[in-house]
Amino acid sequence: MKQGTGLPVFPGVAIGTPVVYRKAARSMPVAAADPAVEQKKFEDALETARAQLTALYECATRDVGEEQAAIVEVQMMMLDDLDYLEAISAEISAGSAAAQAVLKCGEEFASAFAEMDDEYMKARAADVRDISQRIADILCGSEGFALPEGRFILVAEDLGPSETIQLPRERILAFVTRQGSLSSHTAILARTLNIPSLVQADLALRDAENCTTLAVDGGAGTWTTDPDDATLNMLNARRQEVEAGRATLEAYRGRQSITKNGKKILLCANIGCAEDADAALSADAEGVGLMRSEFLYLGRNTLPTEEELFNAYRRVAQTMAGKPVVIRTLDIGADKQADYLNLPKEENPALGLRGLRLCLSRPDIFIPQLRAIYRASAFGKLHIMFPMVTSVWEVQRAKAMCERVRADLERQGVMVEKIPIGVMIETPAAAVIAPELAKEVDFFSVGTNDLTQYTLAIDRQNAGLGEFYDPHHPAVLALMAYIAKSAQEAGIWAGICGELGADPELTIRFINMGYTELSMAPGRVLALRKLVCESEE
Ligand code: PEP
Ligand code: MG
């Protein structure tokens, strides 16, 4: 038995089989001693890749849908592509190590695809890169993620949004990452799914691999490998305690969130995909305050079609049955990357072409999303929200695009509603010009994760900067007070959809500032409602 700690992300106790996710090895052999040996290694790796893709195909059909499964199918075909296989073998014969040959030829094929005129063929570049990386990982003894049967605890050095989105959510008992921060997207996903989780855990990957049972206490911030009977008893008692605490909150289900002095607050849920709307509803959320629509674009190799997006938004609108739903337009960039967009590599992606900036410069991506949202507006109470705003002109231009889309659809005879439009306030610039922005929009929602990052100039992903990333910093709270005041003066509502929206230490302060909506992981709604209802404010 070994024990250690991590930062608690979501309370609860999970006990189960650990599965270690490893990214690609960083070092790989460059020269081969014997081409015949390397060729044999390559052929064995192809077989392993085939087996992995077959398992992934079955899992994709079951968990994610036919469209994703079709992408896996394309990659399987690549494993039989003679041009590709022969190019790699020729490279090996010329003296390259197998892994190096695969990556070199993979890149050459991907570049050739990327330069083609046909959009479909262009999109195959990402498939070739993906499959080549998989084979290289196998050759380097770093096989990535082989999905086990049943439920498991996922242990990793770190996980990116495009990695987490591919996981079979209902089979994950807990996340434990050695890096990551409380406001990283893996932590956000864990909270959305009510999964006990730790980040910055001191659990060595080999210890996780060498044990049969791992226990995670996401409230106390501890992990234990192969717990003995006494520890198991203690953990089971903790589990019951957490469950009893959740049961007492049930008294607040179905109630409005109103302080003793009559201030009504809307407590909403943050979601990442259409299925999460079920979690929002069963958590008794009063709406969806943030749908991170970019998750529909991650973990795949092609842009989602307008039809796919429409189906997802319609499903959320219908599930929430008349409750408000705020769909944030695509916030890709920084830690949320989609390789198939082939965006130029940036020195500082957090300060780069992301959020609304990307959408304004890529109408080919933005317009289909707006069309899908407007088409889905007939099925519920949808709102549109633009992320990463810094200037008034950006909002004016985005609104003009919305209006054009709406008018086009109307001309085509499609039923559309007038959709309220809002902006996220998550840059200091947006906070400072809040009075001007308020004249343009119907609501504000503060993205405290990025507002903290950009105000304090501290990377929210950087685990090493933990204590400096302080969302309670007076500078952040002063901006938040100013944002709420600006909204009130302009007669629009202001909410909070960053992680701070669920911080019980600040709830009353936010209500006093004038915020009337708080959006959070679904599992936090009832606890916050209890706090609001018991407040004298
Ligand atoms: C935020 O920045 O607070 C936010 C809600 O957006 P995201 O965490 O997706 O960047
Ligand atoms: Mg943000």
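**Figure 1. The largest nonpolar core of the predicted model.** This core holds 90 residues. A nonpolar core is a set of buried Ala, Val, Leu, Ile, Met, Phe, Trp, Tyr and Cys residues joined through side-chain atoms within 4.5 Å. Buried means under 20% relative accessible area, exposed over 50%, partly exposed in between (1.4 Å probe, protein chains only). F386, F444, M480, F510 and Y515 touch the most other members. M480 is in contact (heavy atoms within 4.5 Å) with V446, T448, L451, I496, L500, F510, M513 and Y515, leaving aside neighbours within four places in sequence. Another core lies apart, with 31 residues. L154, L167, A201 and L214 are among its members.

**Figure 2. The shell around ligand 1.** The shell has 15 residues, each with a heavy atom within 4 Å of the ligand. R292, R328, G447, N449 and R460 are the closest. By class, 4 are nonpolar, 5 polar and 6 charged. Here Ala, Val, Leu, Ile, Met, Phe, Trp, Tyr, Cys and Pro count as nonpolar, Asp, Glu, Lys and Arg as charged, and the others, Gly among them, as polar. α7 (185–192), β11 (288–292) and α17 (448–456) each supply at least two shell residues. α17 gives the most, with 3. Helices (H or I, at least four residues) and strands (E, at least two) are DSSP runs, numbered from the N terminus.

**Figure 3. Polar contacts of ligand 1 with K336, T448 and N449.** A polar contact is a pair of N or O atoms within 3.5 Å; within protein, one must be able to donate a hydrogen and the other to accept it, and residues adjacent in sequence count only if both atoms are side-chain atoms. The side chain of K336 places an N or O atom 3.2 Å from a ligand oxygen. A polar backbone atom of T448 is 3.1 Å from an oxygen of ligand 1. For N449, a backbone N or O atom lies 2.7 Å from a ligand oxygen. Taken alone, ligand 1 exposes 290 Å² (Shrake-Rupley method, 1.4 Å probe), and the protein buries 100% of that.

**Figure 4. The surroundings of Y340.** Y340 sits in the loop between β12 (324–328) and α12 (355–361). Its relative accessible area is 11%, so Y340 counts as buried. Residues up to four places away in sequence aside, Y340 touches A126, Y297, R300, N301, T302, L303 and P304. L303 is 37 residues from Y340 in sequence, yet their C-alpha atoms are 7.6 Å apart. A polar side-chain atom of Y340 lies 2.7 Å from the backbone oxygen of Y297.

**Notes.** Residues are numbered from 1 along each chain as its sequence is written, and chains are lettered from A and ligands numbered from 1 in the order in which they are written. In this predicted model, local features need pLDDT of at least 70, side-chain atom pairs count only at pLDDT 80 or more, and totals for chains, interfaces and linings use all residues; side-chain values use heavy atoms, with hydrogens and water left out.
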